[in-house]
Amino acid sequence: MLKIETTKETNYHLIQLIGEVDASNSVELDEAIVDLIEQEAKNILIDGTQLDYISSAGLGVFMSYIEDFEEKNITLVIFGLNEKVFQVFKILGLDHLINIKSKKIEAVQEIE
Amino acid sequence: MKHELKLYCDTTRLSDLRIFLSEILQNTSLSEIEQHQVTLAVDEVCANLIIHSHGCNGEEFIQIGVEKDAGLLKIEIRDSGEGFNITEYREPEINHVKKAKRKGGLGIILVKKIMDKIEFETSGKQNTCRLFKNLKSK
């Protein structure tokens with residue numbers, strides 16, 4: 001099960017991922033990001049504190065926007081990943097391609 | 001002891017697979033992080049089969065067998081139909097995946113990095129993919 005909650009804060013949009021992202025629901029994550037691009041979001045924070053699991057389907061969503069976001073100057077920061085989930089990003093070296101912070105406060109500092 | 005699961009080819013069933021695996025893996029010497037990763041590797045192989053070999057046809061199924069034997073965890077994934085030989089598949093470079101803006105291609109990289117040995121075999125219509133993970137002695 002995956003629940004996605006998007007909220008608009010003063011300087012950024014926050015996507016909260018609750019539960020598990022796999023091949024059955026990664027399209028929902030994609031839609032949430034597309035939605036923010038359409039709203040011309042410049043700063044996107046992904047709250048991973050309640051993300052229990054992510055498979056390559058979900059990781060692929062993040063990967064597919066890296067280049068676009070660089071071109072459009074959109075900042076994406078993921079924060080709060082638990083150790084198990086963070087290790088999965090690390091296996092693929094995504095910790096070098098995506099800005100990942102442990103705490104929300106650090107993620108917010110990235111966009112200020 | 002051998003544990004078996006019949007998994008119907010519907011991606012929403014992948015969560016059942018993960019519950020099945022986590023219950024078995026809890027009773028091994030694998031750390032929590034390793035248990036999580038082995039579960040992920042099996043999820044990746046099965047998700048590929050469900051989507052690419054079976055076109056998400058919920059009437060077809062895959063069989064998963066898990067066995068612990070002499071310091072080795074063996075996971076056998078059997079299906080019939082068009083086989084996918086994971087050992088012959090040349091996975092893309094991460095940077096290529098990024099540049100191509102593709103959403104796929106990462107799963108097999110994960111499987112190969114997580115598991116210690118992978119075998120694939122086709123006999124008639126039956127395909128078998130075996131994933132192995134070394135278990136430390138307790």
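Modeller: Look for A70(B), in the loop between strand 2 and strand 3 (72–80) of chain B. Helices (H or I, at least four residues) and strands (E, at least two) are DSSP runs, numbered from the N terminus. This is a predicted model, in which local features need pLDDT of at least 70 and side-chain atom pairs count only at pLDDT 80 or more, while totals for chains, interfaces and linings use all residues. Residues are numbered from 1 along each chain as its sequence is written, and chains are lettered from A and ligands numbered from 1 in the order in which they are written.

Phi of A70(B) is near 40 degrees, a positive value in a residue other than glycine. Most residues other than glycine have a negative phi. A70(B) counts as exposed because it has 6 C-beta neighbours inside 10 Å. The cut-offs, with C-beta atoms placed from the backbone, are 20 or more others within 10 Å for buried, 12 or fewer for exposed, and in between for partly exposed.

Now go to C56(B), in the loop between helix 2 and strand 2 (61–69) of chain B. Its phi is near 55 degrees, again positive in a residue other than glycine. C56(B) has 14 C-beta neighbours inside 10 Å, so it counts as partly exposed.

Helix 4 (residues 107–114) of chain B is largely enclosed by the rest of the structure, because six of its eight residues are buried. Among them are G107(B), L110(B) and I114(B). Their cover includes helix 2 and helix 3 of chain A, together with helix 2 (32–53) and strand 4 (117–123) of chain B.

Two of those covering helices also meet each other. The axes of helix 3 of chain A and helix 2 of chain B, as lines fitted to C-alpha atoms over the stretch in contact, with angles from 0 to 180 degrees between N-to-C directions, come within 9 Å and cross at roughly 55 degrees. That makes helix 3 of chain A oblique to helix 2 of chain B; under 35 degrees is roughly parallel, over 145 roughly antiparallel, 65 to 115 roughly perpendicular, and the rest oblique.

Here E83(A), K84(A), Q87(A) and V88(A) meet E32(B), I33(B), H36(B) and L40(B), where contact puts C-beta atoms, placed from the backbone, within 7 Å.

Key
Contact = placed C-beta atoms within 7 Å.
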